[in-house]
Amino acid sequence: MKNDFFDYLATARQAALQAGAILRSKFGLSSLHVDKKGRINLVTEADLASEELIRQTILSQYPDHEFLGEESGLSAHSGQPRWIVDPLDGTTNFAQGYPFFSISIALEIEREVVAGVVYDPTHNEMFSAVKQQGAFLNDQPIRVSDHAVLEKALLVTGFPYELRRDPDILLQLFRELIVRARGIRRDGSAALDLCYTACGRFDAFWEVGLHPWDIAAGSLIVQEAGGRITNFSDQPHNLLYPEMLASNSLLHAPILKAIAPHLDQLHSSALLAKPL
């Protein structure tokens, strides 16, 4: 079975590299076509072209598998292995010409992610993992940081598109942590934020309003790199739960402690729906 996982990973890598070429070819074009699928949520022709290429690449090799893409939804409910794909994580960055975006491809079997890649085509960085086989960046092993003191930690977060519906609670969480940590970044691609946590560039990542395609591959990569992922109530990671804390494990408890006073307000907020 493990050999099968590596075959799946090879397919994901192939699809990510080909889709990355599409994104590079369209990045920075003044003629790029951009639409809205929400008040501030964008979709570009690059998202659609990337997803279609990934879909064709994967399903040509595994025609019986399911495919869940951010732009196209779920292809079937067959109970077969399911590919979970974000063809362009960081669309706003991409549309603005800000070079921080990625492609995320994961395979889930019996509700467990067993292989995943996150590809940054701008910097040609391919993060990957197979269940129980470690995490890698361009085929070199990676590991989470060993920072154990929050005031020495560099954290990263993101804000959901629905932020304007109830910004106060997210700003409270941000304040709780920015006064405790060395610094906080907000870069606009949850998939890359997770991978940067996995390789020690960041020490922890938290966000709400997430979807499976945002985090499926990155969550496996963090865990295979020695990190820990839970929701804000310290319950085990679940792709369908829209809140996440990913850390190097050492910082998990102090960050949860900082978040705890705000949990009731957060969970009653319009920003945080029940699990999908």
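**Helix H5**

I looked up which residues of H5 are buried, meaning under 20% relative accessible area, with exposed over 50% and partly exposed in between (1.4 Å probe, protein chains only). In H5 these are Ala190, Ala191, Leu192, Asp193, Leu194, Cys195, Tyr196, Thr197 and Ala198. H5 is thus mostly covered, with 9 of its 9 residues buried. The model is a predicted one, so I note that local features need pLDDT of at least 70, side-chain atom pairs count only at pLDDT 80 or more, and totals for chains, interfaces and linings use all residues. Residues are numbered from 1 along each chain as its sequence is written, and side-chain values use heavy atoms, with hydrogens and water left out.

Helices (H or I, at least four residues) and strands (E, at least two) are DSSP runs, numbered from the N terminus. H5 lies across E5, E6, E7 and strand E8 (125-130). Its direction is at about 100° to E7; axes are lines fitted to C-alpha atoms, for helices over the stretch in contact, and angles run from 0 to 180 degrees between N-to-C directions. After H5 comes Gly200, with a positive phi near 90°.

**Cysteines**

I searched for disulfides, each a pair of cysteine sulfur atoms within 2.5 Å. The count by this rule is 0 disulfides. Cys195 is in no disulfide, and the nearest cysteine sulfur, that of Cys199, is 7.7 Å away. Cys195 has a relative accessible area of 0%, so I list Cys195 as buried.

I traced the strand order next, where two strands pair if DSSP finds at least two bridges between them. The 8 strands form an open sheet in the order E4-E3-E5-E6-E7-E8-E9-E10, and the pairing is mixed. Strand E4 (73-74) and strand E10 (140-141) are the edge strands, each pairing on one side only. H2 packs on this sheet and touches strand E3 (66-69), strand E5 (82-89) and E6. The direction of H2 makes about 155° with that of E5.

I went through E3 in detail. E3 pairs with E5 in the parallel sense over 4 bridges, and Glu66 stands opposite Arg82 in E5. With E4, E3 pairs in the antiparallel sense over 2 bridges, and Leu68 stands opposite Leu74 in E4. E3 and E4 form a hairpin that has 3 residues between them. In a regular strand the side chains alternate between the two faces of the sheet. Both faces of E3 are covered: Glu66 and Leu68 are buried on one side, and Phe67 and Gly69 are buried on the other.

Strand E6 (residues 102-109) pairs with strand E7 (residues 112-120) in the antiparallel sense over 7 bridges. Ser104 stands opposite Val118 in E7.

**Ser50 in H2**

I picked Ser50, which lies in helix H2 (residues 45-61). Is Ser50 buried or exposed? Ser50 counts as buried, because its relative accessibility is 0%. Leaving out residues up to four places away in sequence, Ser50 touches Ala19, Ile22, Leu23, Pro87 and Ile103.

**The sheet of 5 strands**

A further open sheet has 5 strands in the order E12-E11-E13-E15-E14, with mixed pairing. Its edge strands are strand E12 (183-185) and strand E14 (228-230), each pairing on one side only. From one strand to the next the twist averages 20°. Strand E11 (residues 154-157) pairs with strand E13 (residues 204-208) in the parallel sense over 3 bridges. Trp206 in E13 is the bridge partner of Thr157. Helix H4 (residues 167-178) lies across E11, E12 and E13, and runs at about 165° to E13.

**Helix H6**

At 1.5 Å a residue, the 13 residues of H6 (residues 212-224) should span 18 Å, and the end C-alpha atoms are 18 Å apart, which agrees. I also noted a kink of about 30° in H6, centred on Gly218; the bend at a residue is the angle between axes fitted to the seven residues ending there and the seven starting there.

Of the 13 residues of H6, 12 are buried, so the helix is largely enclosed by the rest of the structure. Among them are Trp213, Ile215, Leu220 and Glu224. H6 is followed by Gly226, with a positive phi near 100°.

Key
Contact = heavy atoms within 4.5 Å. Expected span 1.5 Å × (residues − 1).
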